[in-house]
Amino acid sequence: MRPYSRTSLLTTALAGVWLLLALAFRPLAAAEIILSAQDAPAVRQFASELAARRPDDQVRFVPFGELAAGRLPPASTRLILIGEDALAWRLNAATQAPTLIMRLSRLEARRWLKGQQLPNISVLWNDPPLERQLNLLHQVLPHARRVGVLYDAESQYLLDELRAAAAPLELEIVAREWPNPRDSRPLLELLDASDALLGFDAPSLFNPLTAKSLLLTSYARQRALIGPNASFVRAGSLSSTFSDQDDWLSSLDELLDQPPASWPKTFYPSHFKVLSNPQVARALGIALDADADLAKRLAAGENSR
């Protein structure tokens, strides 16, 4: 038998490599995706837009009441559940279907998960990432070094993570417990000890009842508040990162391109925007870059790591 030439062997080897690459990067087979939440026009619209982005998959909306009362979906189905009620149901449902929980804050999830990572369940956090918020603060207030943080018993566990994120930026976290928002003394002490404030997305601390006194007191001391969310920026804080529906859809679309076995247990939307309050910036004498430019720089920093 005539031996193979070196060229033939090389050609055969390259063909094998191309076959492996083609298998590795072939599109995933069409999937059945059920999105479930309390029935509302906005949720149905979200499901329709997700279906439009994934024409090769079967995406359908099932009201949460029907899902909970009906037959459990098979393990081949991908479940996307929205909200705290959906998480509570999924924790007790005897299904192996890979499940993504959306629109859930870390404080809400902690009440149910207590720090556990459960099989076949991933959580896409609703609140802005602490590291991203700190980087935003560093961008808009580059001279601030002492970052004041109010916390309560429920949000105290986030402080260690916040300090770890602050260290590379050479920021000092100055924390004060605020067990009773009607008592302004912890806030006043914090304002005296810090250059700017960073808000957790903690409804017990940052809510319509506390917003006015917290913001007026802070700005009377010429201290800017970053966060805790876009709603608070509209109420009078300086700036925050946030993800809107288009960002959620883009992040979800990217996740669904991956096999469920590779889904992270917990993660934040990779797509986001920045919202700032120009009126507050002018009152505090702060020159802000355009929100789109701030978001672009933050995203570039995250992508470079």
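**Ground rules.** I number residues from 1 along each chain as its sequence is written, and side-chain values use heavy atoms, with hydrogens and water left out. Since I am reading a predicted model, local features need pLDDT of at least 70 and side-chain atom pairs count only at pLDDT 80 or more, while totals for chains, interfaces and linings use all residues.

**Entry one: α8 and α9.** I looked up helix α8 (residues 185-193) and helix α9 (residues 208-220); helices here are DSSP runs of H or I, at least four residues, numbered from the N terminus. They pack at an angle of about 30°, with their axes 10 Å apart. Axes are lines fitted to C-alpha atoms over the stretch in contact, and angles run from 0 to 180 degrees between N-to-C directions. The two are therefore roughly parallel (angles under 35 degrees). I noted a right-handed crossing (the near helix is turned clockwise from the far one by less than a right angle). L187, L188 and L191 of α8 touch L214, T217 and S218 of α9 (contact means heavy atoms within 4.5 Å).

**Entry two: α6 and α13.** Next I checked helix α6 (residues 130-140) against helix α13 (residues 291-303). Their angle is about 125°, and the axes lie 10 Å apart. From α6, I listed R132, N135, L136, Q139 and V140, which meet L294, R297, L298 and E302 in α13.

Notes
Parallel < 35°, antiparallel > 145°, perpendicular 65-115°, else oblique.
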